[in-house]
Amino acid sequence: MTQVVLVGFVCFLCPGMFNALNGMGGGGQMDRTTGNDANTALYCTFIVFGILGGSIVNLFGVRWTIAASGLTYALYSGSYIYLNHTGNGAFTIAAGAILGIGAGILWAAQGMIMVSYPREEEKGRYIAVFWIIFNLGGMLGGILPFAINYHSTQDSLSDGVYIAFVILECLGACLGLALAPPSKVVREDGSSVVLVKYTDAGKEAIEIAKLFLNPMMLALLPMCFTSNFFYSYQFGPVNGSIFNIRTRGFNNIWYWGAQMFGAYALSFLLDNQNMSRKKRGLIAFGIVAVFFNAIWGGSLALQLKYTHGPTATETTDYPGGLIDFLEHERAAGPIILYLLYGVGDALYQNFAYWIIGALTNDSQKLSRYAGFYKGIQSLGAAVAWQLDSREVSYLNQLIGNWVLLGISLPSMLYVVWRLKDHSEDVADKDSLDAKQMSHETISA
């Protein structure tokens with residue numbers, strides 16, 4: 001658990017701050033164009049390095065790959081200070097592309113740690129613990145702009161907010177150096193995380209190619225593609241278009257906080273040993289399907305009230321103008337819906353990680369599976385951010401999200417239906433004992 005908590009705090013300080021910044025809509029800028037283009041550049045490189053990330057982590061280890069990747073988050077946040085003073089978005093877009101490289105590698109390492117370190121009956125709890133710590137970062141990142149911009153009349157974040165993000169992200173990168181390699185980690189029951197295996201670049205290239213021939217990975221393609229697609233709609237056409245700047249930060253506190261609740265609640269079901277793994281999966285699938293259809297229905301009711309957000313020349317056409325959180329009667333419904341977006345994100349992504357973790361216990365395979373998940377997820381995100389950048393109507397963006405959800409559900413159900421009570425690649429006890437004698441061990 002120690003290693004999962006550590007990587008949780010790395011993500012608290014790096015991706016957590018990034019999520020808070022992104023959640024402001026356009027990186028906290030009034031004009032979302034640069035932020036959207038930077039996100040597109042980010043996810044284009046993320047596609048490649050998400051898929052390659054698992055192999056990079058297998059070759060170079062979790063400590064240095066995570067530490068180096070964390071610095072790319074600080075570079076991205078710092079680029080907005082330059083944008084504030086010059087109005088030139090080229091550096092921010094380039095920083096987004098560099099961040100995509102770092103993020104792809106970091107999330108492959110994180111996914112491997114989160115789903116291979118726990119025992120099979122603990123995977124739901126470990127995923128929830130990580131998700132709670134990670135989203136505390138999003139909450140803190142929401143508090144910062146909310147507090148600093150509380151009395152601001154501007155529609156963009158100040159330099160102080162971006163500087164605070166840079167400092168926190170640098171701390172997160174340094175924390176990555178405290179992680180231990182998987183070969184030196186043992187679980188609480190004394191079993192080792194992974195058998196010692198030799199790997200090289202040639203083998204990793206072959207294993208990456210095999211991912212695209214793996215029937216389970218191919219079945220999960222729609223799930224992976226959809227899993228971050230909704231961020232651009234939720235952060236831009238909703239949070240960035242109908243709320244003022246301080247209320248966007250206020251909303252993010254609740255959005256990321258709600259994620260912690262969703263992850264924690266789902267973990268009780270996913271680790272319930274009184275039911276078979278398939279039964280747990282089927283119930284979780286039903287919860288995710290019903291919940292997401294419900295929040296997209298609520299989004300449709302809200303979306304029909306307006307067509308655009310504020311620009312340099314005009315304000316939003318949402319009835320009554322931009323919402324402030326102190327306008328209780330106007331704010332309650334949209335803020336509650338935004339909070340439920342956070343719950344839905346946690347349910348979907350925690351369930352996705354649980355499915356992937358149920359396929360194998362081999363940490364090297366899981367690093368590739370996690371990288372594959374993040375790579376295809378990034379492909380969907382790149383498309384989604386460009387839809388907003390190209391000013392596709394808000395209603396059409398919502399419909400696209402709803403349709404993709406419908407496409408992803410049948411293949412998720414297929415994989416869940418085929419789950420076994422015990423994963424493949426369970427480590428051999430004698431090999432584990434020998435390994436434990438030859439390596440210094442650190443608690444998971």
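## Ground rules

Because the model is predicted, local features need pLDDT of at least 70 and side-chain atom pairs count only at pLDDT 80 or more, while totals for chains, interfaces and linings use all residues. Residues are numbered from 1 along each chain as its sequence is written, and side-chain values use heavy atoms, with hydrogens and water left out.

Let's begin with helix 1, residues 2-13. Helices here are DSSP runs of H or I with at least four residues, numbered from the N terminus. Helix 1 reaches 17 Å from its first C-alpha to its last, close to the 16 Å expected at 1.5 Å a residue; the expected span is 1.5 Å times one less than the number of residues. Nine of its twelve residues are buried, among them Q3, C11 and F12. Buried means under 20% relative accessible area, exposed over 50%, and partly exposed in between, using a 1.4 Å probe and protein chains only.

## The nonpolar core

A nonpolar core is a set of buried Ala, Val, Leu, Ile, Met, Phe, Trp, Tyr and Cys residues joined through side-chain atoms within 4.5 Å. The largest one has 131 residues, and W107 and F351 have the most contacts inside it. Helix 14 supplies the largest share of this core, 15 residues.

Click on F351 and you will find that it touches L266, L270, G281, A284, F285, V288, A346, M412 and V416, leaving aside residues up to four places away in sequence. Contact means heavy atoms within 4.5 Å.

## Salt bridges

The structure holds four salt bridges, each a side-chain nitrogen of Lys or Arg within 4 Å of a carboxyl oxygen of Asp or Glu. One of them joins R246 and D324 at 2.7 Å, N to O. This pair links distant parts of the chain, with R246 in helix 12 and D324 in the loop between helix 13 and helix 14, 78 residues apart. Both R246 and D324 are buried.

K210 and E207 also meet in a salt bridge, at 3.5 Å from N to O. They are three residues apart in helix 8 (residues 201-211), so about one helical turn separates them. K210 is partly exposed at 45% relative accessible area, whereas E207 is buried at 18%.

Conventions
Helix = DSSP H or I, 4+ residues; strand = E, 2+ residues; numbered from the N terminus.
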